[in-house]
Amino acid sequence: MFSLFLEQLLNGLQSGVMLFLMASGLTLVFGVMGLINLAHGSLYMVGAFACAAVAAWTGSFWLGLVASLMAAAIAGALVEMLIIRRLYNRDHLDQVLATFALILIFSEGTRWIFGSFPLFLSVPDFLTGTVVLGGSFEYPLFRLAIIIAGLAVAVGLFLLIGKTRLGIRIRAGEADRGMIAALGVDIDRLYTVVFALGAALAGLAGAFVGTTQSVQVGMGEPVLILAFVVIVIGGIGSIKGALVGSLLVGFTDTMGRFLLPHLFATFLDPSSATAIGSALASMLIYIVMALVLFLRPSGLFGTAA
Amino acid sequence: MKGIKTTIAAAAALLAAGAAQAEPVKVGMITTLSGGGAGLGIDARDGFMLAVKQANNPDLEVVIEDDQRKPDIAVQLADKMIQQDKVDVLTGIIWSNLAMAVVPSAVAQDKFYLSVNAAPSQLAGKGCNQNYFSVSYQNDNLHEAAGGYASSAGYNSAFILAPNYPAGKDSLSGFKRFFMGDITDEVYTKLGQTDYAAEIAQIRASGAESVFFFLPGGMGIAFMKQYAQSGVDIPLIGPAFSMDQGILGAVGDDALGFKNTSNWSKDIDNATNKAFVETFQAEYGRLPSLYASYGFDTANLLLSAMDKASVSDADAFRDALRAADFNSVRGKFIFGPNQHPIQDIYVREVVKEGDVLTNKIIGTALTDHSDAYASECSM
C-alpha cells in the first residue's frame with residue numbers, strides 16, 4: 001500500500017510537470033501580451049504530430065523531439081506575425097473568436113495532411129522498462145524521464161525570466177507595455193519571441209505526452225481546458241502560479257481518482273462507491289478551482305486586476 | 001398544393017413498374033468525424049458508403065453530419081435531419097451516451113433507427129422500440145464473451161476497467177455476468193481520459209491474474225502504450241473495441257498477442273466478407289475495422305428492406321428489416337425478439353501479417369448468443 005501511494009504521488013508530479021509546460025506558455029502569453037490564446041492546444045498537437053512524423057521518417061526519437069520544438073515554435077511565430085498581432089488591441093471576445101477559428105484551421109489542416117487515424121509514436125528503446133526506486137518499488141523509466149525533463153525546463157524558464165536580458169524585457173513587458181516600447185525595445189519582435197517560446201513549450205509537452213498517449217487530431221483541447229484551470233488557480237500571468245497550479249491540479253486529479261473510490265467504499269457498497277467516487281474524482285479539480293476563486297478571486301499568485 | 005403533389009406522386013408510382021421499390025429513402029447519418037473518436041465514425045461511414053456505392057441504388061439518398069462526440073450536437077443534428085431534411089431513417093451513432101440522447105425521441109417520431117455501433121442496455125430491454133434495430137450487437141455482448149473467455153482461459157481473478165458512460169457500465173456488467181472468478185477492483189475512468197498512470201499503479205498493486213479493459217478509440221491507444229511502458233505483466237483481455245484495426249497501427253508491436261473478443265473479424269470465412277475486405281482496402285487504402293463492417297452490414301440491411309417494401313408503409317418496411325434478408329459479412333445474420341442480433345462471438349489475437357498488425361480468430365467464445373435484456377422487451 002505504501003509503494004502504491006508513493007507511485008501515485010510520482011504520477012501526480014508527472015502529470016503536474018506536463019501541465020506546467022502547457023500552462024507556462026499560456027500564462028506567459030497572457031501576462032505579456034494580454035492575449036487569451038485558445039489555439040495553444042493546437043500548438044501542442046503540432047508538436048506531437050511533428051515528433052511522430054519525424055520519428056517515423058528518420059527512426060530517431062531525438063530528431064522527432066527537436067522537430068516538435070522547431071515545428072511548434074515556427075507555427076507559433078507565423079501565427080503571431082500573421083494573425084495574433086492584429087488582436088492585441090481588440091477585446092478578449094475578438095481574441096477568443098479568432099483563436100477558436102485557429103483551432104479549427106489547425107485541426108482540419110492536420111487532418112488534411114495526416115488523416116483521421118492516430119499516428120504511432122513510441123518511447124525510445126533505452127527509456128523503456130522500469131527502474132527500482134528502493135525495495136520492491138518500481139516506476140516506469142519514461143515517466144521518471146518526463147519528470148526530470150519537465151523540472152529541468154521549469155528551472156530553465158525561471159532562470160530565463162529571472163536572470164537574462166530577454167527575461168527582463170518580458171517582465172518589463174508585463175509591467176508596462178507602452179513604457180518599454182518608448183525605451184526603444186522592439187516590442188513586435190519581443191512579442192513574436194515570447195509567443196514562439198510559449199509555442200515551443202507546448203510542442204515539447206505534445207511530443208512527451210504523444211509517446212504515452214494517442215497522437216490524434218483534437219488531442220490538444222482537453223489539455224487546453226486543464227491548462228486554463230491551472231492558470232486560473234495559479235493567477236493569470238504568473239509563472240510561479242502556473243507551477244504551483246500545475247502541481248496542485250496534477251496531484252488533486254491523480255490522488256482523487258485513486259483515493260475517492262476507496263474513501264466512499266468505507267461507508268457505501270462497492271458498486272455505488274465506484275460510481276460516486278469516479279464521478280466526483282472527475283469533478284475534483286473544478287471544485288478546487290471554484291474554492292480557490294472563492295477565497296482568492298485573482299488566483300493564488302495573481303495580482304488583483 | 002399538397003393534394004396536387006400527392007396526386008402526381010401517386011400517378012408516378014402507378015406508372016413505374018414495381019411501385020414499392022421506386023420510393024426514395026432518405027437516410028440521415030450522424031456520426032463522429034472529428035475529435036478523439038473520429039477514426040470510429042469514419043470507419044462506420046466508409047463501410048456504409050461502400051455498400052451504398054456497390055448497390056448503386058438511385059432511390060437511396062444519404063445525408064452525413066459530424067456529431068463531434070457531443071450529445072447536444074447529435075440532438076441538434078437529429079432535429080435538423082428529421083424536420084428539415086425529412087429523413088426516413090437515422091443511423092451512424094458510435095457512442096452510447098449520444099445514442100441515448102437521440103434514439104428515443106427519433107423513434108417516437110416514427111423514424112427508423114438502425115444502429116451501426118452503440119446499443120445501450122436501456123434500448124434493449126424495457127426501452128426497446130419497434131423502430132429501433134441494432135445491427136452491431138447489444139453493448140454487453142462482446143464483454144460477456146470476454147468474461148467467458150477469461151474464465152475458460154483459467155484466470156481466477158480480474159481487475160476490470162471502463163469509462164464512466166452507459167457503454168462502460170454495460171461493459172463491466174457484461175463481463176461480470178460471464179466471468180466466474182473474483183473481481184479484485186472495478187474502476188471507472190473519465191470518458192476521453194488520456195493518462196492512466198493512477199489506474200495502472202492500482203493494477204500493479206492489485207495482484208489480479210488478469211486485466212479486463214474496455215477503452216475504445218484513443219483511450220485504448222493511450223492505455224496500451226502506458227501499460228507496456230509500466231512493466232506490469234498481468235495479461236490483458238478486452239473487447240475488440242480496445243484493439244480495433246484503427247488502434248493497432250498507433251500502438252505498434254506492444255499490442256502483439258493481445259486477446260480480444262469480436263463478432264466480426266477479417267478472417268471470417270465467407271464470400272461476402274472476403275469481397276468486403278478486398279473492396280474496402282481497394283477503395284480506402286486501409287484494412288477495415290469492425291466499425292466498418294457494422295456500417296457495411298447496416299447499409300446492406302437497409303437496401304434489402306428497400307427491395308421488399310416501401311418506407312412509407314412503415315409496417316411492411318419494418319417487417320422487411322426484421323427479416324434481415326441480406327448477405328452479412330458475419331455469415332449468418334438474424335434478429336432476436338428485441339431486434340438485436342443473435343450471433344457468434346469469437347476470440348481474436350493480435351498478430352503481424354507482413355508489416356501490418358491485425359487480428360486473427362483463435363476460437364469461438366459464444367455461439368448463437370442473444371442478450372440479457374431481450375426477455376424484458378415487450379413488442
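**View 1. A:V79 and its contacts away from its own stretch of sequence.** Leaving aside neighbours within four places in sequence, A:V79 is in contact with A:A39, A:I84 and A:L102; two residues are in contact if their C-beta atoms, placed from the backbone, lie within 7 Å. This is a predicted model, in which local features need pLDDT of at least 70 and side-chain atom pairs count only at pLDDT 80 or more, while totals for chains, interfaces and linings use all residues. Residues are numbered from 1 along each chain as its sequence is written, and chains are lettered from A and ligands numbered from 1 in the order in which they are written. A:V79 lies in helix 3 of chain A; helices (H or I, at least four residues) and strands (E, at least two) are DSSP runs, numbered from the N terminus. The C-alpha atoms of A:V79 and A:L102 are separated by 8.8 Å, and the two residues are 23 apart along the chain. Is A:V79 buried or exposed? A:V79 counts as buried because 24 other C-beta atoms lie within 10 Å; the cut-offs are 20 or more for buried, 12 or fewer for exposed, and partly exposed in between, with C-beta atoms placed from the backbone.

**View 2. Helix 3 of chain A against helix 8 of chain A.** Helix 3 (residues 61–82) and helix 8 (residues 187–212) of chain A pack at an angle of about 145°, their axes 7 Å apart. Axes are lines fitted to C-alpha atoms, for helices over the stretch in contact, and angles run from 0 to 180 degrees between N-to-C directions. Among the contact residues, look for A:G64, A:L65 and A:S68 on helix 3 of chain A and A:Y191, A:T192 and A:F195 on helix 8 of chain A. By class, the contact of these helices has 16 nonpolar, seven polar and one charged residue. Ala, Val, Leu, Ile, Met, Phe, Trp, Tyr, Cys and Pro count as nonpolar, Asp, Glu, Lys and Arg as charged, and the others, Gly among them, as polar.

**View 3. The largest nonpolar core.** This core has 202 residues, and A:M22, A:A48, A:C51, A:V194, A:A205 and A:A227 have the most contacts inside it. A nonpolar core is a set of buried Ala, Val, Leu, Ile, Met, Phe, Trp, Tyr and Cys residues joined through C-beta atoms within 7 Å. Helix 8 of chain A gives the most to this core, with 15 residues. Leaving aside neighbours within four places in sequence, A:A227 touches A:L19, A:M22, A:A23, A:L26 and A:H40.

**View 4. Where chain A meets chain B.** Here 38 residues of chain A are in contact with 32 residues of chain B. Elements giving two or more residues to the chain A side include helix 1 (2–33) and helix 5 (141–163) of chain A. The residues on that side divide into 15 nonpolar, 19 polar and four charged.

**View 5. Two residues of chain B with positive phi.** B:D110, not a glycine, has a positive phi of about 65°, and B:A324, also not a glycine, has one of about 45°. B:D110 sits in the loop between helix 5 and strand 4 (112–115) of chain B, whereas B:A324 is in the loop between helix 13 (314–323) and strand 11 (334–335) of chain B. B:D110 is exposed, with 10 C-beta neighbours inside 10 Å, while B:A324 is buried, with 20 other C-beta atoms within 10 Å.
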